[in-house]
Amino acid sequence: MVGLNIEERIIQLLANLNAIRLEKALDIMALKDIIKAKDEDVASIMGGLQTKGYLTIEGEKVYLTKAGILRAFSYYS
Amino acid sequence: MKVLTLTWEYSPRIVGGISRHVEGLSEALVRRGAEVHVVTPDFPGVPYEEIVRGVHIHRVSVETPAPDFTTWVMLMNHYLAKRAADLANSLGGFDLVHAHDWLVTPVGIESKHFLGSDLITTLHSLEFKRVGSISSPFSRMVDSLEWWSTYESRRVIVCSNSMKWDVIHKFSVPEEKIMVIPNSIDTSKFDLHVDRRSVRLRYGVHNGERLVLFLGRLTPQKGCEYLIKAMRLLPSHLNAKLIVVGDGWMRNDLEREAFGSDIGWRVRFTGFLPDGEVVQLLKSADALVVPSVYEPFGMVALEGMAAGAPVVASNVDGLSEVIKHDYNGVLVYSRDPSSIAWGINRVLSDSGYVQWIVGNARTIIHEKYNWDAIASLTIDAYKREE
């Protein structure tokens, strides 16, 4: 994920971890650990991605929506 | 004939054109008496197992988290192979395996050897054309998988003559091993009345304004950036507005390009839209622009033709086989905003010309690009020559 901005890194991470349903959702704390960016940056970007419809945040969990999955894999089709 | 179809996308998981192609082909094969089992990754909101219009769909969860996309692909192949093996055991094997694109090459080859079945591969596009050169380690892997699929397959199907020659020259595949079978679309979904005025208003296109439509993934291959630049070159009296339907990793850059210029108010990004909404937009558009840099076929051009939208397309690869300039559409130079602007201007300025190309396009669609004809050709590809 070198070279990608934080937004894209979050989307790619969730797709590769198959976090596409609530039962497969990733802990937000774990996501912040992996992304290794400032907490406030990650929180703000995740909020933006949720507004755009790419991910769902439920409590302490986060997973991709249908649009998020398609967005993530658009790199490779 | 019992067919195991392998694909990384199947409706409603629609990343690119593969999904629509495999869906249309599978349903047409079923209508011709084949038993088709599609094994594909899962997607939220749809069941793991279902039969849709006669096609047996088996969706598989990739249970193991992956650190990157390459690993994800290999794990996905493992889980597809596991499901394919279970199916083969319960169904008594398959007559052949049909794999779509490099993403399922490993499972396609495994299935061929385990099942003792023939492997047919459809290559939908090629890495060296998508990225321009095979320089990164990732591209080297994809390129190699594409080659491997042609080597292991009894027959390689491609969607255009330009792609056939690309495969022959790139992978040294014997010409007789390759079969060109074009893509198709389901024209019946365009047989509906649409209130164009209300559709256009929904997207902010008012009376006296013209609707220019882009439909596709927002990636460099699709060339949307050149279309946005072209919009700036259009004469103001045309009152053209651009609706960009689709999504992709370039979206932020494209929005910056559009909204950072004086034409920002004339561009709207919708993201992904449901099929029904796309059909309504296609039927309401004054021009559908396909500004791709590389397009092995160009399914979206067919959709525009079926919907009665005048198509302005790049003169590249498969698109130049689908569109005959000044006959069923307008061909323009790729990566050239001024040429794209010229093409849009051509169709927005001459209603008689539009009637001519739209009429010809409809005739060609019905004569040449229907799924039953494509299924018949595919069954020919499946058959062994005695």
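How many residues of domain 1 of chain B are in contact with domain 2 of chain B? Let's find out in the viewer.

**Before you click.** This is a predicted model, in which local features need pLDDT of at least 70, side-chain atom pairs count only at pLDDT 80 or more, and totals for chains, interfaces and linings use all residues. Residues are numbered from 1 along each chain as its sequence is written, chains are lettered from A and ligands numbered from 1 in the order in which they are written, and side-chain values use heavy atoms, leaving out hydrogens and water.

**Stop 1: the two domains of chain B.** Color 2-184 + 370-382 as domain 1 and 187-368 as domain 2; these bounds come from an automatic or database domain assignment. Their C-alpha centres lie 29 Å apart. Now for the opening question: 20 residues of domain 1 of chain B are in contact with 17 residues of domain 2 of chain B, where contact means heavy atoms within 4.5 Å.

**Stop 2: between the domains.** The two domains bury about 1400 Å² between them, with 53% of it on carbon and sulfur atoms. Buried area is the accessible area (1.4 Å probe) that two parts lose on being put together, summed over both. Select Arg20(B), Lys129(B) and Asn183(B): they supply 31% of the area that domain 1 of chain B buries against domain 2 of chain B, more than any other three residues.

The term means a side-chain nitrogen of Lys or Arg within 4 Å of a carboxyl oxygen of Asp or Glu. The count between these domains is two salt bridges.

**Stop 3: where chain B meets chain A.** Show both chains. The contact takes 33 residues from chain B and 21 residues from chain A. About 2400 Å² is buried between the chains, and carbon and sulfur atoms give 56% of that area. Next, pick out Pro44(B), Phe69(B) and Trp249(B), which supply 23% of the area that chain B buries against chain A, more than any other three residues.

**Stop 4: a charged pair across the chains.** Select Lys24(A) and Glu63(B), whose side chains meet in a salt bridge (2.8 Å, N to O). Between chain B and chain A, the count is three salt bridges.
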